[in-house]
Amino acid sequence: MNKIKCIIVDDEPLAQDVISDYIGRLDFLAEVGRFDDALSAIKFLNNESVDLIFLDIQMPILDGINFLKALSHPPTVIFTTAHRHYAVDGFELNAVDYLVKPIPFYRFVQAIEKIKERTNTTTQLIEDTNAAFFKVENKKIKVHYIDILFIESLKDYIKVVLKDRSFVTYQTLSGVLALLPDTHFVQIHKSFVINYQYVNAIEGNMLTIEEHSIPIGRSYRENAMKKIYLTGKKGWR
């Protein structure tokens with residue numbers, strides 16, 4: 001299973017060190033960047049995909065609240081701040097948790113568990129490993145991996161496009177990607193994961209799956225092309 005890729009956005013070096021230490025204690029988390037200000041983080045996110053942001057609120061130039069509002073497809077966020085009165089703003093932006101400094105390790109773990117619970121209540125692997133259950137409205141539907149063409153991120157939801165239909169479910173793209181087998185799926189853009197066995201054509205920074213045109217992100221291209229071309233050499237499906 002893929003690790004949860006995290007970045008830290010905080011203008012206090014000591015606070016960064018604390019969160020970095022906590023991330024290092026959990027083997028399913030991976031720190032991929034830390035930033036002193038929101039503008040540097042935005043520049044990074046324009047080229048890279050992350051699963052989780054540990055985000056301070058009071059920062060120079062652009063505060064954490066407005067930074068999050070500026071992201072068109074924000075990752076999962078856990079706010080870290082010394083000020084309790086921002087909690088309402090944080091939860092209105094669908095933050096998973098709101099940690100008040102100084103942050104004890106047990107509260108950090110509780111916040112991470114909330115992320116795991118959110119994932120488990122929306123998508124579950126079944127024993128035969130060929131399908132998953134997705135929660136749609138008030139029921140769970142079984143979907144075989146072979147029927148999934150691609151998955152698109154819609155902020156706090158994902159759109160699952162199948163051969164004959166599509167549906168939307170409350171889930172993050174990173175959450176569902178961690179559950180999908182890499183023998184079928186690869187992320188090609190910060191907002192798209194595809195079943196690479198169904199690629200019909202590639203032209204420039206776009207690929208085609210049936211009648212759907214999907215963009216290829218620069219930072220994902222090399223890994224995606226390796227899997228797509230390898231599948232093509234072996235023969236489709």
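Where is Pro 102 found? Please take a close look at that spot, then show me what else is worth a glance.

Modeller: Happy to. Keep in mind that this is a predicted model, not an experimental one. Pro 102 sits in the loop between β5 (97–100) and α5 (105–122). The thing to notice there is the backbone: going from Lys 101 to Pro 102, the peptide bond is cis, with omega near -5 degrees.

Thr 80 itself belongs to strand β4 (residues 76–81). Is Thr 80 buried or exposed? With a relative accessibility of 2%, Thr 80 counts as buried, because the cut-off for buried is under 20%. Take Asp 56 as one case: Thr 80 and Asp 56 are 24 residues apart along the chain, yet their C-alpha atoms are separated by 4.8 Å.

Now step back for the whole protein. It has seven helices and 16 strands, and 48% of its 237 residues are buried. If you take the contacts between residues at least 6 apart in sequence, 49% of them join residues at least 24 apart.

Next, have a look at α2 (38–45). In this helix, Ala 38, Ala 41 and Leu 45 are buried. Viewed down the axis of α2, the buried residues fall within an arc of 60 degrees, so they line one face of the helix. The general rule behind this is that an α-helix has 3.6 residues a turn, so residues three or four places apart point the same way. The cover over the buried residues of α2 includes β1 (4–9), β2 (29–35), β3 (52–55) and α3 (64–70). Where α2 starts, a side-chain oxygen of Asp 37 comes within 3.2 Å of the backbone nitrogen of Leu 39.

Helix α2 also leads us to a pocket. The second largest pocket has a volume of about 350 Å³. It is lined by 22 residues, and the closest to its centre are Val 50, His 73, Pro 74, Pro 75 and Lys 190. Two elements, α2 (38–45) and α6 (173–177), each give two or more residues to that lining. Sorted by class, the lining of the second largest pocket comes out as eight nonpolar, nine polar and five charged residues.

Ile 61 has a positive phi of about 70 degrees, although it isn't a glycine. Ile 61 is in the loop between β3 and α3, and it is exposed, at 73% relative accessible area. Glu 210 is another non-glycine with a positive phi, here about 55 degrees. You'll find Glu 210 in the loop between β15 (206–209) and β16 (212–215), where it counts as partly exposed at 39% relative accessibility.

Tyr 145, in the loop between β8 (139–144) and β9 (148–154), is buried at 3% relative accessibility. Its C-alpha is separated by 8.1 Å from that of Leu 180, 35 residues away along the chain. Phe 133 lies in strand β7 (residues 131–136) and is partly exposed, at 28% relative accessible area. From Phe 133 to His 144 is eleven residues in sequence and 8.8 Å in space, C-alpha to C-alpha. Lys 227 is in helix α7 (residues 221–234) and counts as partly exposed at 21%. Leaving out residues up to four places away in sequence, Lys 227 touches Asp 182, Phe 185, Val 186 and Tyr 196. Val 186 is 41 residues from Lys 227 along the chain, with 7.8 Å between the C-alpha atoms.

Methods: Residues numbered from 1 in each chain as written. Predicted model: local features only at pLDDT ≥ 70, side-chain atom pairs only at ≥ 80, totals over all residues. Heavy atoms only, no water. 1 Å grid on protein atoms, 1.4 Å probe; cavity = no way out; pocket = protein on both sides within 12 Å on 5 of 7 lines; lining within 4 Å. Points joined across faces, edges and corners; volume = space filled by probe spheres on them. Helix = DSSP H or I, 4+ residues; strand = E, 2+ residues; numbered from the N terminus. Nonpolar A, V, L, I, M, F, W, Y, C, P; charged D, E, K, R; others polar. Buried < 20%, exposed > 50% of the residue type's maximum accessible area, 1.4 Å probe, protein only. Arc of directions from axis to C-beta. Contact = heavy atoms within 4.5 Å. Polar contact = N/O pair within 3.5 Å; in protein donor to acceptor, adjacent residues only side chain to side chain.
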